Amino acid sequence: MIDETREPLRAASPETLSSRAVSWVVGLGLGVLFGVMGTAVSQSTWTIVAGFALPVGIIIALLAVTLLLVGLRLVLRTRTTAILAAFGIVVTIFLLSQPSAGGSILVPGNVLGVTWTFAPTVIALLVLAWPRFSKN
């Protein structure tokens, strides 16, 4: 038996400019947050045996960046918010990798530091360039 009392499904209403602007600000803010937090943990290691340390910080930071950008691409219709999040990540890493006025640095020139400097940019380019196959 068919229930004819239910309303038909309606197409999703178009996004308003204010809702898009809020998503852009949130995306940029998340990018800055992930850039700061990733910079803070990127040098963390876990010593398993003498002479070998597992770089858990860079693994978690790169995984978090990847999941943020992929999640934004999957959930939202356009790339704009993901682009702004990627911009926030990359610019934050750039700014935090500069020497401070006192000469201290947050991102040293070691393997983990160089990886953290360039890998989020490569991840962002791959995620943003990936085509959307769904029709919505």
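Helix α3 (residues 80-96) packs against helix α4 (residues 111-129) at an angle of about 170°, and the two axes lie 9 Å apart. Because angles over 145 degrees count as roughly antiparallel, α3 is roughly antiparallel to α4. From α3, the contact is made by A82, I83, A86, I89, V90 and I93, and from α4 by W116, T117, P120, T121, A124 and L128. By class, the residues of this contact comprise ten nonpolar and two polar, with no charged residue. The model described here is predicted.

**Overall organisation**

The chain contains four helices and two strands. Read from the N terminus, the order of its elements is α-β-β-α-α-α. The chain has 136 residues, of which 26% count as buried. Among contacts in the chain with a separation of 6 or more, 67% are between residues 24 or more positions apart.

**Helices α1 and α2**

Helix α1 (17-41) has 25 residues, which should span 36 Å at 1.5 Å a residue; the end C-alpha atoms of α1 are 36 Å apart, so the two values agree. The residues S23, G27, G31, G35, G38 and T39 are buried in α1. The cover over the buried residues of α1 includes α2, α3 and α4.

Helix α2 (residues 56-75) is built from 20 residues, and the distance from its first C-alpha to its last is 28 Å, close to the 28 Å expected at 1.5 Å a residue. Its buried residues are G57, I58, A61, L62, V65, L68, L69, L72 and R73. These residues cover an arc of only 130° around the axis, and they therefore lie on the same side of α2. On the other side of α2, the residues I60, L67, L74 and V75 are exposed. Among the elements that cover the buried residues of α2 are α1, α3 and α4.

The residues T81 and T92 both belong to helix α3, whereas T115 is placed in helix α4. Their relative accessibilities are set out below.

| Residue | Relative accessible area | Class |
|---|---|---|
| T81 | 4% | buried |
| T92 | 9% | buried |
| T115 | 31% | partly exposed |

Since buried means under 20% relative accessible area, T81 counts as buried at 4%, and T92 counts as buried at 9%. T115, at 31%, is partly exposed.

T81 touches S23, W24, G27, L72 and L76.

For T115, the contacts beyond its neighbours within four places in sequence are listed as I58, L62 and P120. The C-alpha atoms of T115 and I58 are separated by 8.1 Å, although the two residues are 57 residues apart along the chain.

Methods:
Residues numbered from 1 in each chain as written. Predicted model: local features only at pLDDT ≥ 70, side-chain atom pairs only at ≥ 80, totals over all residues. Heavy atoms only, no water. Axes fitted to C-alpha atoms, helices over the stretch in contact; angles between N-to-C directions. Parallel < 35°, antiparallel > 145°, perpendicular 65-115°, else oblique. Contact = heavy atoms within 4.5 Å. Nonpolar A, V, L, I, M, F, W, Y, C, P; charged D, E, K, R; others polar. Expected span 1.5 Å × (residues − 1). Buried < 20%, exposed > 50% of the residue type's maximum accessible area, 1.4 Å probe, protein only. Arc of directions from axis to C-beta.
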